Each structure stands twice: as structure tokens, then as C-alpha cells.
Amino acid sequence: MSKSKLYSLNSESVAAATKDWLAKRGVTREQIAELVLFLQKDYFPDLTIEECANNVDAVLSKREVQNAVLTGIQLDLLAEEGKLLSPLQEMIENDEGLYGCDEILALSIVNVYGSIGFTNFGYVDKLKPGILKKLNDKEDAQCHTFLDDIVGAIAASASSRIAHRKQAEREGRTTPPLD
């Protein structure tokens, strides 16, 4: 590429790639929405799966989130293919307990949505409900060292977004602090 040419990447193509790669790795919007509902149902009993899915979409629309998703999936794929250098290859391939970079990447997503997102992330990361259990299962050939944490972070962020919006509604505000 010519250095004189200005770099530009179409945001719509990044968003589309993010959704495509999640689907290719077996993760649907609905599965993430189910995690959101799991996290928020006790606080908002009237919350619908569609409202959860809409908040997942809002989280996935952020470029910071898309960057984390694409980066994590690529690292998982490289580990599956054995293309990382040792000892990183073995750490990611085996989801080593002392390797915390997968959680750190996921926290870059949660960081956009405040402390409620952090606590929700820790909770789903520990319990591994729904799709997270499948992603964390080491029985198949796929590596999801990064993806399970990323999916949990998306759900935690959507949960935080809902909590902030519901509080804004209770206070009669039309604009919540987090978007």
C-alpha cells in the first residue's frame, strides 16, 4: 500500500465482519441475548428477549467492541491452526489458567459500559451459563480461549446498558448516560 494514500476502512464492513465471524464461530445474537436475560431477569421481570437482543446489537455496533471481537477470534483461529509461537501457542490452545490476556481483551468491551458491566462479566465468566458453557468446553477441535470471554463481555455490557436505561426511565430522563 502506498504511504501517500490515506488509510480508510468502511465501518459497515467492520460491523458486518464482526457479525459474520461470530456466526462462523457458532455464536448468535439470540444466544447472547439469552445471557443478558439471565443476568437481568431478577431486576427487570418484564424484560423481553427482544429488548435484550436490541441491546446486544447496540453493544455490537461500537467499533471498540468490533475490534475486540475480531482480534480475539483471529487469535483463537491462529491457535487452532498451530500458527502461534511457543509458548503462546500452548497457553492459548489450552486456555491456561495463568494466561489472563483473554479476560483483559474482554474487559476492553466492558470498560465502555461501567462498573455494572464489570460485575456482570465476572459473574457470567465464573458460572459459564448458556453458550458460554459450550464455548468453554474443550471437547471439540475449536479453540475459544478469547471468544468465551468476549461473548460474556458483550452480554455483560448489554446488561449494563439495560440497567442504566431502566434507571433513566425511572428518573424520567430520556437520555441515559451510556449508549
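Predicted model: local features only at pLDDT ≥ 70, side-chain atom pairs only at ≥ 80, totals over all residues.
Next I checked how much of serine 157 shows. Its relative accessibility is 0%, so I put serine 157 down as buried. Then I listed its contacts, skipping neighbours within four places in sequence: Val59, Ile109, Val110 and Tyr113.

Val59 sent me to helix H3, as Val59 is among the buried residues of H3. H3 covers residues 49-60, which makes 12 residues. I got 16 Å from first C-alpha to last, close to the 16 Å expected at 1.5 Å a residue.

What covers the buried residues of H3? I found that the cover includes helices H1 (11-24), H2 (29-40), H4 (63-80), H6 (101-110) and H9 (147-170).

On to the cysteines. Cysteine 52 has a relative accessible area of 0%, so I call it buried. Cysteine 101 comes out at 42%, so I noted it as partly exposed. A disulfide needs the two sulfurs within 2.5 Å. My disulfide count for the model is zero.

Last, I opened the UniProt record. An unreviewed entry there lists "domain: YutG/PgpA" for residues 31-163. Over that stretch I noted 70% helix and 0% strand. The end C-alpha atoms of residues 31-163 sit 19 Å apart.

Technical notes: Residues numbered from 1 in each chain as written. Heavy atoms only, no water. Buried < 20%, exposed > 50% of the residue type's maximum accessible area, 1.4 Å probe, protein only. UniProt positions renumbered as here; feature names shortened; annotations may be inferred. Helix = DSSP H or I, 4+ residues; strand = E, 2+ residues; numbered from the N terminus. Expected span 1.5 Å × (residues − 1). Contact = heavy atoms within 4.5 Å.
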